[in-house]
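Q: I have a set of coordinates to look at. How do I read helix packing and residue burial from them?

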Amino acid sequence: MPRRLDRIAASKPFVFALCLIPLAWLAWDAFNGTLGTDPVAQLEHRSGDWTLRLLLATLAITPLRHLTGWNALIRYRRMLGLFAFFYASVHLSLYLVVDLGGFWSQIFAEIAKKPYITVGFAAWLLMIPLAITSTKGMMRRLGRRWQQLHRLVYAIGLFGVLHFMWLVKSGNEIAVTEPLIYLAVLIVLLALRVPVWFRRFRGSTKAGQPRAATKPQPATSPR
Amino acid sequence: MPNFRFPAPRSSEITPETIYRRRRELVKLLGLAVPGLLIGCGNGSGNAPAATTTQSTLPPLTIAKRGAFSTDEPQTSYHDATHYNNFYEFGTSKTDPARNSGGFHPQPWSVEIAGHAEVTGTFPLEDILKPHAFEERVYRMRCVEGWSMVIPWVGFPLADLIRRFKPTSAAKYVALTSVERPREMPGQNRAVLDWPYREGLRIDEAMHPLTLLAVGLYGRALPNQNGAPLRLVVPWKYGFKGIKSIVRIEFTETQPRTTWNLAAANEYGFFANVNPEVDHPRWSQATERRISGEGYSLLGNRVLTQPFNGYGEQVASLYSGMNLKKYF
């Protein structure tokens, strides 16, 4: 590569700072007492919202690459995914320490018995191996399996949205539309992948070996 | 601005507005003089009002009696109790009712009394209220969502009203209906729930001395977002039983259909008694987050939920022999 300004590398600190803004905003409101009547619920809702938004942003990278042909976008993916994990961890900590704090016996019952908490907790657990294996060294070591492992993100996205949908008050008819917006975005992001998967499947069965487009990205699987 | 007039207090009972405001200023000054005491709950320069501030411009009510069944737990601030409401007629967010209820007109108002009673008909609210002396009751209010408040209601026992209309022996239940005015209640333009909102009680629950018809809170008339001009308060049941802006009270022989029960029968029962032993299918009811005092605290809000919301001594006998896990 010629020695030119690497715009992606140069923009990363800005994206990093951008991802920290929701946390700073939350901390500011918490410090100033401007979180409203039920501040703990606000902390939980807002940290949860940003987890889902960052998760969907991570999932948007691949379809955006296919649509725009701008492959360099993939270099933001790890940061966005790790920030999704970071906000999920903040969200879980707020629930366990600030909200449930003191009522420890309830924690296990809630995680095991309450479906919306079970799926939310499962989503967070599934993010751990992905966060651990997000380094370049782990990508190299895991090779093809890295991609297989990181397909867990689809389950994580689904669990995260279910977690939101199930916690709203109404049962049969969901009274609140916001979780459905997240569900719709998730469905679109997954649906956009289908034609690519289909082509890849046909390509690999016909030619007996993957076509150029299906080759793993150098950064993700250099083997 | 609703200008509904309730019976006025004697002028000697009213604190002049200037003195009232001066007292509030004094409270504020005292609050500022001891900031160290306020920081304890993580509130540096909070916007939370003092718990005693009503900030209401609604007409004050004459209160004949205070204290019956009242709790002395720290009360929720007026601001919190009036800006954090579930009143889906004005929108599904907790802040919607305070924001979207400005165009609602709680007067003139009339209430229809119907069904199995000797006296039935449609009556102006003034006639409905006239014979009743108002009392203040400070009750715990437990929302099915897992939070709670402590609110000083002003009203009178529903039983006193029921007696006036002489229900017959066929009256086994009381069915209550909220107003339906999509033009004034923007939330009713969406089919979030099956409008109008309906609730009901068994006749013995309705006749229980704890069951209150409220016309006010914190000494003044109900704000629109809290169910003006007339609402139900059943302190041992989840908040959604407390139907707001009541226009119809019917005595029925069979158990009435109720709105949240129709929306999700497996989640919201007809009885809806507060019960830490019976979880909501999706979340625990063992504990609750108490919103009280200065209203802004990040830690230490969670308390154990009491059977019948702490009113078991008064009401548990209504349900003796009933399987409360089945009839939740």
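This is a predicted model: local features need pLDDT of at least 70, side-chain atom pairs count only at pLDDT 80 or more; totals for chains, interfaces and linings use all residues.

A: Residues are numbered from 1 along each chain as its sequence is written, and chains are lettered from A and ligands numbered from 1 in the order in which they are written.

Q: At roughly what angle do the axes of α2(A) and α8(A) cross?

A: Axes are lines fitted to C-alpha atoms, for helices over the stretch in contact, and angles between N-to-C directions run from 0 to 180 degrees. Helices are DSSP runs of H or I with at least four residues, strands are E runs of at least two, and both are numbered from the N terminus. For α2(A) and α8 (residues 152-167) of chain A the crossing is at roughly 150°, and the axes come within 10 Å.

Q: Which residues in α2(A) and α8(A) meet?

A: Contact requires C-beta atoms, placed from the backbone, to lie within 7 Å. From α2(A), Gly48(A), Thr51(A), Leu52(A), Leu55(A), Thr58(A) and Leu59(A) meet Val153(A), Ile156(A), Gly157(A), Gly160(A), Val161(A) and Phe164(A) of α8(A). The residues of this contact divide into seven nonpolar, five polar and no charged.

Q: How far apart are the axes of α2 and α9 of chain A?

A: The axes of α2 (residues 39-68) and α9 (residues 178-191) of chain A are 9 Å apart, at an angle of about 20°. That makes α2(A) roughly parallel to α9(A). In this pair, Leu52(A), Leu56(A), Leu59(A), Ala60(A) and Pro63(A) of α2(A) meet Tyr182(A), Val185(A), Leu186(A) and Leu189(A) of α9(A). The residues here divide into nine nonpolar, no polar and no charged.

Q: Is Thr211(B) buried or exposed?

A: A residue is buried if 20 or more other C-beta atoms lie within 10 Å of its own, exposed if 12 or fewer, and partly exposed in between. Thr211(B) has 24 such atoms, so Thr211(B) is buried. Its place is the loop between α7 (203-206) and β8 (212-217) of chain B.

Q: What about Ser134(A), and where is Ser134(A)?

A: Ser134(A) lies in the loop between α5 (115-132) and α6 (136-142) of chain A. With 17 other C-beta atoms within 10 Å, Ser134(A) is partly exposed. Leaving aside neighbours within four places in sequence, Ser134(A) is in contact with Arg78(A), Gly81(A) and Leu82(A).

Technical notes:
Angles under 35 degrees count as roughly parallel, over 145 as roughly antiparallel, 65 to 115 as roughly perpendicular and the rest as oblique. Two residues are in contact if their C-beta atoms, placed from the backbone, lie within 7 Å. Ala, Val, Leu, Ile, Met, Phe, Trp, Tyr, Cys and Pro count as nonpolar, Asp, Glu, Lys and Arg as charged, and the others, Gly among them, as polar.
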